[in-house]
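Subject: Structure handover

Hello,

Here is the structure I promised you. Please open it next to this email and follow along.

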Amino acid sequence: MDADDVAEDLYRLPPVQFTAARNAQAVEAKRAGDAAAARRIAAFHKPTLAAWVSNLLARQKEEAGQFLELAQALREAHRTLDPEQFRTLSHQQHVVIAGLARQAGGLARQAGQPVSPSVLHEVEQILHAALADPEVAEQWATGRLTKVPAVSTDFPGTSPLAQVPKKDARPEKPTPAPASRKAPDAAEEKRRARLKEAMKAATEAAAEASRCDDEVRRAEEEHEQATARRSAADERVALLTAQLGEAEEERRTAAEAADEASVRVRDAAREQKAAQRKSARTSQVVERLSGGDSGR
């Protein structure tokens with residue numbers, strides 16, 4: 001038994017199903033004679049609800065790839081961009097993360113596990129941590145995160161925002177860069193271009209995710225309404241079916257009564273004819289006898 005394949009299946013399950021499924025898989029591995037796999041499977045940790053939701057997003061390969069590219073570009077930008085540029089990018093990254101968190105919420109609903117705004121807030125914390133820390137980003141990309149990372153959701157080191165001079169402070173006179181710094185300037189421009197492209201792709205992906213999330217929500221509402229109408233129709237059909245059954249039973253009873261009455265009518269008719277014939281014979285006898293008496 002391949003423990004990695006088992007993990008891939010387990011971490012797709014909602015957290016409420018995780019423990020029982022993990023234990024069953026561990027028992028199966030042990031029964032198959034693979035003690036190492038059994039121990040490894042038994043050691044898998046149940047994910048929190050927020051971690052599971054973020055794992056759903058990590059399995060969306062296109063969105064996850066764009067997010068990881070954005071994370072790398074932002075970490076580079078943190079070291080090179082001026083405060084104003086970084087402030088703009090920080091705002092954009094919040095927009096992107098909010099959009100991705102909404103998409104993750106939609107994925108959870110599709111999986112039959114709607115989540116609260118507080119859980120989505122934790123999902124945003126996970127995404128912020130993945131932006132700031134490459135190790136968290138790598139762990140998140142596996143789709144097996146188990147909890148909100150216990151790391152800062154800000155970029156490490158001194159934030160460029162802290163370097164923005166106050167309005168009343170006298171700006172320092174810039175020091176001209178030596179000629180040997182021209183090559184790094186070209187690399188800087190390349191990094192900025194990459195960052196711009198990554199932010200654009202991520203923003204578009206977040207907008208598309210939000211649009212898809214709205215479509216999913218509308219489709220779910222239509223499904224709920226259609227399901228309610230179907231339930232009402234099923235109840236009506238059940239009622240009419242019951243009424244039809246009662247009517248058929250009444251018809252069957254009436255038919256049996258009618259058949260019995262027909263038999264009685266035939267019997268009565270035969271008895272009537274027999275009585276009529278007997279009455280006619282009796283009348284003839286009486287008439288003959290009466291005529292004989294008068295002839296004497």
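Let's start with one residue. His 121 is partly exposed because its relative accessibility is 47%. Here, buried means under 20% relative accessible area, exposed means over 50%, and partly exposed lies in between (1.4 Å probe, protein chains only). His 121 sits in helix α7, residues 117-132. Helices (H or I, at least four residues) and strands (E, at least two) are DSSP runs, numbered from the N terminus. From the C-alpha of His 121 to that of Arg 102 is 9.9 Å, and the two are 19 residues apart in sequence.

A word on the source. This is a predicted model, where local features need pLDDT of at least 70 and side-chain atom pairs count only at pLDDT 80 or more, while totals for chains, interfaces and linings use all residues. Residues are numbered from 1 along each chain as its sequence is written, and side-chain values use heavy atoms, with hydrogens and water left out.

**The whole chain**

The chain has 9 helices and 0 strands. From the N terminus on, its elements run α-α-α-α-α-α-α-α-α. Of the 296 residues in the chain, 28% are buried. Now take the contacts (heavy atoms within 4.5 Å). Among those between residues at least 6 apart in sequence, 78% join residues at least 24 apart.

Which residues of α1 are buried? They are Ala 3, Val 6, Ala 7 and Leu 10. Seen down the axis of α1, these fall within an arc of 100°, so they line one face of the helix. The arc is that of the directions from the helix axis to the C-beta atoms. Here is the background: an α-helix has 3.6 residues a turn, so residues three or four places apart point the same way. The cover over the buried residues of α1 includes α2 and α3.

Next comes α3, residues 35-42, whose buried residues are Ala 37, Ala 38 and Ile 41. Down the axis of α3, they also fall within an arc of 100°, so they line one face of that helix. They pack against α1 (3-10) and α2 (15-31).

How do α2 and α3 pack? Their angle is about 170°, and their axes are 7 Å apart. Axes are lines fitted to C-alpha atoms, for helices over the stretch in contact, and angles run from 0 to 180 degrees between N-to-C directions. The two helices are therefore roughly antiparallel. Angles over 145 degrees count as roughly antiparallel, under 35 as roughly parallel, 65 to 115 as roughly perpendicular, and the rest as oblique. On the α2 side, the contact is made by Arg 22, Gln 25, Ala 26, Ala 29 and Lys 30. On the α3 side, Ala 37, Ala 38, Ile 41 and Ala 42 take part. By class, this contact has 6 nonpolar, 1 polar and 2 charged residues. Ala, Val, Leu, Ile, Met, Phe, Trp, Tyr, Cys and Pro count as nonpolar, Asp, Glu, Lys and Arg as charged, and the others, Gly among them, as polar.

Ala 35 is also in α3. Ala 35 counts as partly exposed because its relative accessibility is 38%. Its C-alpha is 10.0 Å from that of Met 1, 34 residues away along the chain.

**Aromatic pairs**

How many aromatic pairs does a search of the whole structure find? There are 3. Rings of Phe, Tyr and Trp (its six-membered ring) pair if their centres lie within 6.5 Å; planes under 30 degrees apart count as stacked, over 60 as edge-to-face and the rest as tilted.

Tyr 11 and Phe 18 form a tilted pair, 5.1 Å centre to centre with 50° between the planes. Both residues are buried. Tyr 11, Phe 18 and Phe 44 form one aromatic cluster.

Phe 67 and Trp 140 form an edge-to-face pair, 5.3 Å centre to centre with 65° between the planes. This pair links distant parts of the chain: Phe 67 is in α5 (residues 61-80), Trp 140 is in α8 (residues 134-141), and they are 73 residues apart. Phe 67 is buried, at 2% relative accessibility. Trp 140 is buried too, at 1%.

**Two more residues**

Ser 54 lies in helix α4, residues 49-58. Buried or exposed? Ser 54 is buried, because its relative accessible area is 0%. Beyond its neighbours within four places in sequence, Ser 54 contacts Val 123, Ile 126, Trp 140 and Leu 145.

Gln 72 is in α5. Gln 72 is partly exposed, at 39%. Its C-alpha lies 7.4 Å from that of Leu 131, 59 residues away in sequence.

Best wishes
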